[in-house]
Amino acid sequence: MTPTLDAAAARARLLELIKELAVVRGKVILSSGAEADYYIDLRRITLHHEASKLVGQVMLSLIDDAGIDFECAGGLTMGADPVGTAVMHAATDAGRGIDAFVVRKAQKSYGMGRQVEGPSVEGRKVLVLEDTSTTGGSALTAVEGVRNAGGNVVAVAVIVDRDTGAKEKIEAEAGVPYLYAFSKDELGLS
């Protein structure tokens with residue numbers, strides 16, 4: 001079992017793990033269609049036995065330090081799924097009840113016909129999460145889905161910001177704060 005570290009130690013260790021496990025150098029096409037010289041594969045972090053606990057702790061600390069009050073956390077499947085779960089578990093470890101949820105890319109045409117899965121977000125303060133963001137498209141899709149489901153989006157938070165305009169776009173279009181735990185500069189990707 002991984003011990004719970006203080007906030008600074010958790011952040012430092014998570015940064016080490018991201019640099020070691022998640023930064024892949026070489027030409028890649030991002031989900032936005034843009035080409036990059038590196039890829040930050042944060043699923044190598046969010047699904048890692050040690051790093052996932054740190055993700056929850058670091059993200060919860062980031063949001064708390066910003067003074068943002070929320071009741072549930074999640075985002076667009078698939079990148080946000082383990083981030084929301086990590087935040088839920090970190091909150092539970094801290095004696096808080098934060099629910100997680102998943103936003104589908106489109107509303108289901110069968111079953112309950114939902115786009116947002118998990119405990120209801122209706123009438124609740126919602127934190128939209130993402131692992132990383134380039135254009136902000138995934139986060140904005142999640143914000144729209146949550147709002148359509150009656151949730152009150154209070155912020156968007158990502159583990160790594162690529163510094164490619166997502167912050168500005170999300171803040172302008174969604175009208176909520178955009179927070180990130182690490183910048184690309186901290187990963188040595190300037």
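Modeller: First, the ground rules. This is a predicted model, where local features need pLDDT of at least 70, side-chain atom pairs count only at pLDDT 80 or more, and totals for chains, interfaces and linings use all residues. Residues are numbered from 1 along each chain as its sequence is written, and side-chain values use heavy atoms, with hydrogens and water left out.

Biologist: How many helices and strands does the chain have?

Modeller: Helices (H or I, at least four residues) and strands (E, at least two) are DSSP runs, numbered from the N terminus. Here there are six helices and eight strands. From the N terminus on, their order is α-β-β-α-α-β-α-β-β-β-α-β-α-β.

Biologist: What radius of gyration does the chain have?

Modeller: The radius is taken over C-alpha atoms, and the globule rule is 2.2 Å times the number of residues to the power 0.38. For 190 residues, a compact globule would come out near 16 Å; the chain has 16 Å, so the two agree. Its C-alpha atoms fill a box of roughly 40 × 40 × 30 Å along the principal axes. Buried residues (under 20% relative accessible area, 1.4 Å probe, protein chains only; exposed is over 50%, partly exposed in between) make up 48% of the chain.

Biologist: Now the sheet. In what order do the strands lie?

Modeller: Strands of a sheet pair through backbone hydrogen bonds, either parallel or antiparallel. Two strands count as paired if DSSP finds at least two bridges between them. Six strands form an open sheet here, in the order S5-S4-S3-S6-S7-S8, with mixed pairing. S5 and S8 (178–183) stand at the edges with a single partner strand each, so one side of each has no neighbour in the sheet.

Biologist: Which helix packs on the sheet and touches S8?

Modeller: Helix H1 (residues 7–22) does, and it also touches S7. Contact means heavy atoms within 4.5 Å. The direction of H1 makes about 70 degrees with that of S8. Such axes are lines fitted to C-alpha atoms, for helices over the stretch in contact, and angles run from 0 to 180 degrees between N-to-C directions.

Biologist: Is S8 largely enclosed or left open?

Modeller: Five of the six residues of S8 are buried, so the rest of the structure largely encloses it. S7 and S8 pair in the parallel sense over five bridges. Val 156 has Tyr 178 as its bridge partner in S8, and Asp 161 stands opposite Ser 183.

Biologist: How do S3 and S4 pair?

Modeller: S3 (residues 72–76) and S4 (residues 99–103) run parallel, joined by five bridges. The chain crosses from S3 through helix H4 (residues 81–93) to S4, a right-handed β-α-β crossover. Right-handed means that, with the strands pointing away from the viewer, the path from the first strand over the helix to the second runs clockwise. S7, H6 and S8 also make a right-handed β-α-β unit.
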